[in-house]
Each structure stands twice: as C-alpha cells, then as structure tokens.
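Please examine the sequence and the model before working through the solutions.

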Amino acid sequence: MNIVEKLDLAIKLKETGTTDGFYAVPYKNGTLQKQTYMTNDEWLAFLTAMPEAARREYSKGDGDELKEKNGRPPKMASYGSSSRMIFNLSGKKEGFHFEKQLPTTVGGTANLDGFYENADRFVFVEAKCHEPYSAKKNVVSTCYAKLYEYINERMADNINIQTEMSKCGRYMNVEYYADGKKLEHFDMKQMICHLLGIATGIIKGTIDRKQTDFIYLLYDPTELEIEPKAKAEIDKIYKITCVECNRIDFAELFRVMLEFLSVTKFKDALSSEEMDDTILKFAFILASQDYYKTFLQQI
C-alpha cells in the first residue's frame, strides 16, 4: 500500500471511526473492491443529498467526478478526493459554485475547484487533498513556451522554468524552480494556468476588477492516525508543499500574466494604473481545511 492509499485510509478512519468497508465496482469479468472509497451505499446517499445545482456543475466539469470508469469508482467517492473535501467544506455556503471553467487564451481551459462572488470580492479556490503525495508529470504544450520565457525574463529573481522539447516537438518536459529550489510537490503548471484564466477574465471584463482572493486549500494531515513511517513521510511532504508555496511571489506572477496577455493577445488592454490597481486587489492565501472554514464563514 502506497502513502496515498495510507493517507486516504487515515482520513476515512478519522471521519468514520473505521477503515472497514469498500466500494465494489464491476470490471471485466469480475468485481474490484476499493477500500479507500466510500461504500456503494454511502456514495449513493452522498450523491442523493448533493444539491441538484452542484451535481450539474460536477457533471459539466472535465474531472469525471461522479461516474465509475474503467474499473474505478467515482473519483469523488475517494476519502482523499479534493473535490469531496471542498464540497464538504463549501456546499452549504449560499452562492458557492464548483468546477469553475475559465478560458486561458494561451491554451486550454483553467478548471478551478471552487468559485464564490459577493458585492465586494471574487474568491477562486483550488483544492488539494491527496494530490501532493503522488508524482507529477510536468509535460506542457509548446503553446506555453513564449509565456514561460516571459516569466523567466520578468521574474528572474524568484522563478525559473526549465524546459526541454519532446522528440515529437509538440510538448515540453518542464521543471519549475522558486528561489533556486526545485518545486517537487506544488503544482506550478496548474497554478500558472489558473492565473491565466483569471487574468483573461479581467482583461475581457467577465471578471470585475474588485478584490480577488485565490485560496489554495491544502489538506493538513498532521493530526491523522497513520503508522509512523508513512506519517513521517506524509507530514514531510505536506510541510515541503507549504514551503514551496510560500516561496512564490504570486502577486508578481499574476502581474506577469496580465502583462503577457496585454502584450501578446490584447493590445494595451490595461493601463499601468489599472494594472497596479488590479494587483493591489489580488491576494493569494494558503489555507488548511480548518482555516478555510473560518474564512468562508467570514465572507
């Protein structure tokens, strides 16, 4: 059993008091049993209790969260699912939405786990539960090459992105560095995509230039009951992910996204004063599940 599965089981134990039970899913000529997921009955009850609006949003998202697929239970049925975590924490907040999609202009669509708006602010949420504990493949389309070069030029004191072209010439193998140290667990590729989506929305006027909070909701596993060797490794990765996150100047990175789009895609979209005002109203917040609940109650 790998550390991701051990983490999922520890979350299951904390929430239910037991690690017994499994999700049974038909596969080929038999049935697979997945212990790190809700039972079939628990999943059915969870899905039935989910508001129809949330079900529609998850069904329209590209994560395939609510369906069995290729011998795998629904992703959201996993105790380590980030979608399950953010739904449990945010589902009762009136006006909160899931699976927010934003065009990036540079390439593809940014898929954010959560979104909320009131008269004073926008809140975008990216949730991570068991994701930092498995290896990432940093393979990126070459359509991002010019942006990465621009980031390297504009943020040389903070960020360095090293790229290597694939043999087919359509993709790049990428390594990300902040303050001279390689990012091993923080998903910088995804974060750049998310900031591009928000920047595109602001430039196009689909997102107003008011207070914009980006919440990086990272599950804190440090109080879970896990066997000592796995717990030490999980706690270490969690702390490293937090450190990596705190090395990055996200306000400046967001400025670079706005500048790049203004220079290459939307000529002179924002004046320097509008750019400064937008950055002043932007905040990146690293939040544990406990802090996130408090934050959500206060807005």
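**Exercise 1.** Determine which residues of α6 and α8 meet, and how the two helices are arranged.

*Solution.* The model is a predicted one. Begin with the residues in contact: Met188, Met191, Ile192, Leu195, Leu196, Ile198, Ala199, Thr200, Ile202 and Ile203 of α6 meet Phe250, Leu253, Phe254, Met257, Leu258, Leu261 and Ser262 of α8. Sorted by class, the residues of this contact comprise 15 nonpolar, two polar and no charged. Next, take the geometry: the axes of α6 and α8 come within 9 Å and cross at roughly 55°. Angles from 65 to 115 degrees count as roughly perpendicular and those under 35 degrees as roughly parallel, so α6 is oblique to α8. The crossing of α6 past α8 is right-handed.

**Exercise 2.** Classify the arrangement of α1 and α7 from the angle between their axes.

*Solution.* The axes of α1 (residues 3–16) and α7 (residues 228–247) come within 10 Å, with a crossing angle of roughly 95°. The two helices are therefore roughly perpendicular to each other. On the α1 side the contact involves Ile3, Lys6 and Leu7, and on the α7 side Ala230, Glu233, Ile234 and Ile237. Its composition is five nonpolar, no polar and two charged residues.

**Exercise 3.** In what order do the five strands of the open sheet lie, and which strands stand at its edges?

*Solution.* The order is β3-β4-β5-β10-β11, with mixed pairing. β3 (97–103) and β11 (282–287) each have a single partner strand, so they stand at the edges and one side of each lacks a neighbour in the sheet. On average, neighbouring strands of this sheet are turned by 35° against each other, direction ignored.

**Exercise 4.** Identify the buried residues of α5, the elements they pack against, and the pairing of β7 with β8.

*Solution.* In α5 (residues 145–154), the buried residues are Leu147, Tyr148, Tyr150, Ile151 and Asn152. They pack against β6, β7, β8, α6 and α8. Of these elements, β7 and β8 pair in the antiparallel sense over seven bridges, and Ile161 stands opposite Tyr176 in β8. The β7–β8 hairpin has five residues between the strands, and Gly169 takes a positive phi near 80° there.

Key: Residues are numbered from 1 along each chain as its sequence is written. This is a predicted model: local features need pLDDT of at least 70, side-chain atom pairs count only at pLDDT 80 or more; totals for chains, interfaces and linings use all residues. Side-chain values use heavy atoms; hydrogens and water are left out. Buried means under 20% relative accessible area, exposed over 50%, partly exposed in between (1.4 Å probe, protein chains only). Helices (H or I, at least four residues) and strands (E, at least two) are DSSP runs, numbered from the N terminus. Contact means heavy atoms within 4.5 Å. Axes are lines fitted to C-alpha atoms, for helices over the stretch in contact, and angles run from 0 to 180 degrees between N-to-C directions. Angles under 35 degrees count as roughly parallel, over 145 as roughly antiparallel, 65 to 115 as roughly perpendicular and the rest as oblique. A crossing is left-handed if the near helix is turned anticlockwise from the far one by less than a right angle, and right-handed if clockwise. Ala, Val, Leu, Ile, Met, Phe, Trp, Tyr, Cys and Pro count as nonpolar, Asp, Glu, Lys and Arg as charged, and the others, Gly among them, as polar. Two strands pair if DSSP finds at least two bridges between them.
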